[in-house]
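We will go stop by stop.

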Amino acid sequence: MAERTALIVDPSQEVREGLAEALKPDFRVMGCGDGNSALDLLDRLKPDVLILELSLPRLDGIGVLRRMREMDSVPRVLVFTENRAVFALAALETLRVDYVMYKPTPAAIVAERVRELLAPRCADPLTWETADILLALSIPEPCQGYRHLLTGLPLLAAQPVQFLGKTFYLEIAQRNNATSNSVEKAIRDAIHAGWENGDPRAWHRYFPGITRCPQNKQFLTRLAAVLQRQRRCG
């Protein structure tokens, strides 16, 4: 199989080097620190994946994405950024970015997601839809609760409501090498972190009229219903 190429565009040399080290076992890695250089490398290298910071000198990440869409060959795109501005997130939705991750996230986790982006999509699409929802709600990806939600919500969407309870937490625990009590607590902590740090408009999109952080059951049943509806409409 031909070696895959990853292009890392970030003004921080430390970030570029950290990501390159995490990706090197599987990728030929190139990097640069500004938007104009990124466009030149995109045109010449035609990489398989682009890891992009939005805040760049000379031409910002949004500008890179807009110009890149005019090219013949478009890579998969993972935005890895400190920029949480609402206008930036809105722009990313229209530019068909594959995934967004926020700093600080360990380089190893970013590299794992890059590998997932380029892997054949044999996994249940519900997992990808779940990841998009958790991202919108600012559930922090490095935490255990994120991992448990990513495992559990697709299961819950595919099962009767009665599945929610001790059986649900036990199923996730068995899959993720944890205990049911630790799974329940990690999910609760992840929900609270998203509620404290997330955009209220995103939360109201999935939980209309909500005024306080939802408990586990409310959060899980509501999002399972959203996933079921998306599957029917897909």
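How many aromatic pairs does a search of the whole structure find? It finds five. Rings of Phe, Tyr and Trp (its six-membered ring) pair if their centres lie within 6.5 Å; planes under 30 degrees apart count as stacked, over 60 as edge-to-face and the rest as tilted.

A note before selecting: this is a predicted model, where local features need pLDDT of at least 70 and side-chain atom pairs count only at pLDDT 80 or more, while totals for chains, interfaces and linings use all residues. Residues are numbered from 1 along each chain as its sequence is written, and side-chain values use heavy atoms, leaving out hydrogens and water.

**Stop 1: the aromatic cluster**

Select W195, W203, F207 and F219; they form one aromatic cluster. Zoom to F207 and F219. Their rings are stacked, 5.8 Å centre to centre with 20° between the planes. F207 counts as buried at 4% relative accessibility, and F219 at 0%. Buried means under 20% relative accessible area, exposed over 50%, partly exposed in between (1.4 Å probe, protein chains only).

**Stop 2: helix α9**

Select residues 180-197, helix α9. Helices (H or I, at least four residues) and strands (E, at least two) are DSSP runs, numbered from the N terminus. Colour V183, A186, I187, A190, I191 and G194, the buried residues of α9. Looking down the helix axis, these fall within an arc of 135°, so they line one face. The arc is that of the directions from the axis to the C-beta atoms. Turn to the face away from the buried side: exposed N181 and E196 are there.

Now show K185 and D189. Their closest N and O atoms are 2.7 Å apart, a salt bridge (a side-chain nitrogen of Lys or Arg within 4 Å of a carboxyl oxygen of Asp or Glu). K185 is partly exposed, at 44% relative accessible area; D189 is partly exposed too, at 39%.

**Stop 3: K103**

Select K103 and E53. This salt bridge has its closest N and O atoms 2.7 Å apart. The partners are 50 residues apart in the chain, K103 in the loop between β5 and α5, E53 in the loop between β3 and α3. Both are buried.

**Stop 4: helix α7**

Finish on residues 144-157, helix α7. Eleven of its 14 residues are buried, so α7 is largely enclosed by the rest of the structure.

Definitions and conventions. Expected span 1.5 Å × (residues − 1).
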